[in-house]
Amino acid sequence: MAFVIVLVVVAIAVFVISAPLRAHRDHRRQEDPEAARVAELEFARDAKYREIRDAELDLRTGKLSPEDYGAIDRTLRAEAIEIMRALEASPAPHEE
Amino acid sequence: MAVVGRSLLILGLCACLYGIGASIYGARGGGRVWVDSGRRAMYVLAGMTLFAFVILDVAFITSDFSYNIVATGSSTTTPTFYRAAAIWATQQGSLLLWVLLLSSWSSLALFLTRRRIPEIVPYAQAVLFALCTFFTGLNVLFANPFATSANPPAEGAGLDPLLRHTTMMIHPPMLYSGYTLLLVPFAFAVGALISGRLSAEWIQVTRRFALAAWLCLGIGILLGARWSYTELGWGGYWAWDPVENAALMPWLCVTAYIHSIMIQEKRGMLKVWNISLILTTGTLAIVGTFLVRSGILSSIHAFVSDPTLNISFVGLISVMVIGSLYLVIWRKDSLKTDARLDSLISREAVFLFQNLLLVALTAVIFWITFFPLISEAITGTEVSVGPPAFRPFVVPLAILVVLLSGIGPIIAWRRVTVAKLRRSLTFPAVVALAVLAVLLAFGSIGPHVFALLMFGAGAFVIAAVAQEFYRGVRARRAMTSESPPVALGRLVRRNRRRYGGYIVHAGVAFALIGVAASTSFQDSRTATIRPGQSVMIHGYKVRYVRATASATAQKLSFGAVLNVTSGGHHVTTLTTSYGLYPSQDPTQGPIGRFFNGSAESRVGLRAGLTQDIWAVINPNITPLQGLIQKGNAVLQKALTNALAQPPAARAQALNQLYQLRDIAIEKLTGRFVTNPWPATFLLIVSPLVTWLWLGAIMAAIGGLIALWPLPPPRRRRPALRQRRRELAPEPEVRARELV
């Protein structure tokens with residue numbers, strides 16, 4: 001009985017693990033390096049969005065003066081624009 | 001089923017080795033399919049380990065003593081709940097739980113990142129497999145949980161009575177979850193270093209794992225403290241025991257990490273610091289696991305020392321330390337950043353200072369914890385250190401950390417004008433000063449200056465957090481005209497990370513106020529009194545009303561009922577007991593073994609918001625010893641005679657003798673009630689202990705809020721932005737519409 005259970009477990013394990021290798025895909029296909037760069041930029045852009053929102057919340061909760069907020073907001077938006085430009089300059093990543 | 005269990009472990013080890021190979025081959029040019037296949041090997045490992053764990057747990061529940069660890073770690077008299085959990089009270093079973101948790105969290109992490117950071121994931125996957133290989137290898141080679149015996153005993157040795165406590169059954173899985181969750185960001189940090197992709201993306205991907213590790217470790221530490229307070233009978237909750245410190249050190253480091261990664265996410269700064277911090281934290285998680293298992297430092301929590309395991313762990317820790325150092329030095333140029341602090345009056349500056357303090361705190365605890373080993377290595381003599389060695393260093397650092405946890409929330413990122421800072425600081429500072437003034441005027445602070453400072457710092461934090469919530473709700477109401485509760489709910493919901501964090505800060509402040517008060521202003525005394533006699537403590541009159549005793553098949557219990565009054569008014573009635581579990585040692589005699597087994601204490605506790613009254617009995621059963629010896633001799637002789645009878649009559653004779661034995665034990669136990677022998681009591685009155693538990697619950701709730709995923713509408717936003725991006729012609733136009 002134990003032998004049968006172990007055999008079934010081995011069969012399931014081999015089936016699950018080998019599934020990607022059995023699929024009709026190019027085994028040698030690598031990640032598109034440009035896609036990684038785009039993902040990185042998108043991550044940076046989202047982080048910048050969060051930072052802009054945080055600065056606005058800091059203004060509304062009285063932690064920042066309007067002058068400080070203005071300066072910070074300008075800097076952050078300039079940084080966001082820079083990231084967006086870089087994103088637009090990147091070729092679209094290859095679809096899978 | 002033992003064969004199946006062992007086979008599963010061996011197959012799991014094979015899956016680990018395949019996973020390492022497939023992940024590295026996939027990363028080095030073999031293609032993504034190999035990485036995908038490797039990831040699936042992790043799912044398989046988790047499944048196999050779960051199957052093995054279930055087999056073993058069923059053996060514990062059904063008291064199958066053919067398994068060696070069931071025979072040594074459980075018994076038929078152990079309650080079912082504790083039998084199900086006794087698996088991790090053994091070295092082998094706890095290692096299996098480690099593999100189960102590590103493979104499960106790794107599976108989750110790899111599933112969530114299956115389409116993200118593809119350069120980092122294969123290496124992180126290989127590191128997670130390597131760690132799984134180590135622990136599965138230990139289970140297969142040196143600590144086999146499925147070892148069986150051809151001649152199993154009729155009864156097991158039973159679970160250590162001290163571990164028969166609900167919190168103690170949840171405490172180890174929480175700690176192990178914390179340790180294993182920490183290894184996820186550790187593995188991704190290694191992956192980021194190897195692949196050279198060192199932006200903050202891997203941090204963002206694994207942030208929740210770090211936060212979950214912080215939460216699980218924190219809950220585990222607190223459950224351990226609660227167990228110590230209510231079960232160990234010494235009246236405290238933290239003894240600076242090496243194993244306690246082993247859990248505290250990674251918790252402190254991951255606390256620093258959770259804060260410092262925000263600086264990297266926002267400013268791109270502190271790359272070297274963050275990556276070094278998580279590599280240290282991951283290594284400390286393994287050091288913690290090693291300390292529990294090695295017995296190299298004396299601890300009540302440690303398993304029996306095993307030299308083979310010790311060597312293996314030292315090897316793993318060495319590889320982790322040397323490997324981490326090498327990788328950071330190798331990538332030092334890529335880790336450099338041009339960003340600088342805009343101002344020393346900014347949240348990032350406060351976080352940085354707080355990080356330094358937390359790391360200093362960890363270093364101090366590490367040094368003192370390992371000082372006995374260091375002193376032995378240098379002088380040949382092991383110097384023992386206790387709580388007094390920690391306090392002069394830990395307490396001032398902790399006060400500063402608490403103070404900064406109040407300044408952090410009220411200060412903005414990047415820079416703040418002094419006028420704004422002054423305005424934000426006014427309310428918390430006034431509250432803190434008012435608390436200090438009231439305590440100095442009306443409290444008996446005496447020499448406890450540090451406690452006073454902690455009260456002030458804690459009040460500052462709580463006021464700062466309250467102010468932040470008030471300001472946030474006010475700002476939201478100004479925009480939306482929502483009612484205050486709705487505005488509060490939506491404010492927290494939309495800014496979970498920020499406001500969850502604030503709740504954690506307030507919870508930690510409450511908890512540390514409780515710690516400062518209960519350790520500095522505790523009143524304790526030991527008294528030996530007879531029933532009817534009284535003793536005074538902290539203005540309370542504690543009267544020993546009567547003795548209690550009970551005898552069951554599982555344990556003998558000797559206790560007391562205490563009446564506590566103040567100024568003639570009844571305050572509370574406390575019941576405390578001392579339990580004795582039967583020893584399996586035959587030399588104790590057939591009756592004596594019931595009175596000389598493992599012991600546990602049940603504490604009499606009246607917990608209040610301002611004060612705890614705590615009592616524990618240490619009964620004197622010496623007057624019973626003469627009768628026990630006599631009973632041993634008589635019963636032993638009768639048992640010998642019964643065993644000499646023919647088989648048909650033997651069973652009946654033995655049955656009668658066991659019934660007589662039980663009656664004798666009941667009578668002997670009853671003498672504790674009928675004779676007014678004096679008993680020794682440890683009585684403690686501690687202020688604000690409840691604040692520690694409530695503060696910890698509050699911090700856990702805050703942690704859960706910060707951990708909880710964002711609601712669906714916000715998660716869909718990137719897709720909407722993508723659409724807007726396609727529609728809007730210029731980045732400048734879109735940037736104006738960001739908020």
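Predicted model: local features only at pLDDT ≥ 70, side-chain atom pairs only at ≥ 80, totals over all residues.
Let me begin with chain A, where 46% of the 96 residues count as buried, buried meaning under 20% relative accessible area, with exposed over 50% and partly exposed in between, computed with a 1.4 Å probe on protein chains only. Residues are numbered from 1 along each chain as its sequence is written, chains are lettered from A and ligands numbered from 1 in the order in which they are written, and side-chain values use heavy atoms, with hydrogens and water left out.

Chain A has 3 helices and 0 strands, and from the N terminus its elements read α-α-α; helices (H or I, at least four residues) and strands (E, at least two) are taken as DSSP runs and numbered from the N terminus. If we take the contacts in chain A between residues at least 6 apart in sequence, 67% of them join residues at least 24 apart, a contact being heavy atoms within 4.5 Å.

Now to the interface. How many residues does each chain bring to the contact? Chain A gives 55 residues and chain B gives 67 residues. Between them the two chains bury about 5,500 Å², with 56% of it on carbon and sulfur atoms, where buried area is the accessible area (1.4 Å probe) that two parts lose on being put together, summed over both. There are 7 salt bridges between chain A and chain B, each defined as a side-chain nitrogen of Lys or Arg within 4 Å of a carboxyl oxygen of Asp or Glu. One of them is a salt bridge from R414(B) to E79(A), whose closest N and O atoms are 3.4 Å apart.

One is an open sheet of 5 strands in the order β2-β3-β4-β5-β6 of chain B, with antiparallel pairing, and two strands are said to pair if DSSP finds at least two bridges between them. Why is one side of β2(B) and of β6(B) left without a neighbour in the sheet? Because β2 and β6 (599–602) of chain B stand at the edges, each with a single partner strand. On average, neighbouring strands of this sheet are turned by 25° against each other, direction ignored; the axes behind such angles are lines fitted to C-alpha atoms, for helices over the stretch in contact, and the angles run from 0 to 180 degrees between N-to-C directions.

Within that sheet, β2 (residues 534–537) and β3 (residues 540–551) of chain B pair in the antiparallel sense over 4 bridges, with I537(B) opposite Y540(B). These two strands form a hairpin with 2 residues between them, and H538(B) in the turn has a positive phi of about 50°. Helix α20 (residues 647–674) of chain B lies across β3 and β4 of chain B, running at about 170° to β3(B).

The other sheet I want to show is open as well, with 4 strands in the order β1-β9-β8-β7 of chain B and antiparallel pairing. Its edge strands are β1 (523–529) and β7 (604–607) of chain B, each pairing on one side only, and its neighbouring strands are turned by 10° against each other on average, direction ignored. Here 7 bridges join β1(B) to β9 (residues 679–687) of chain B in the antiparallel sense, and A527(B) faces F681(B) in β9(B).
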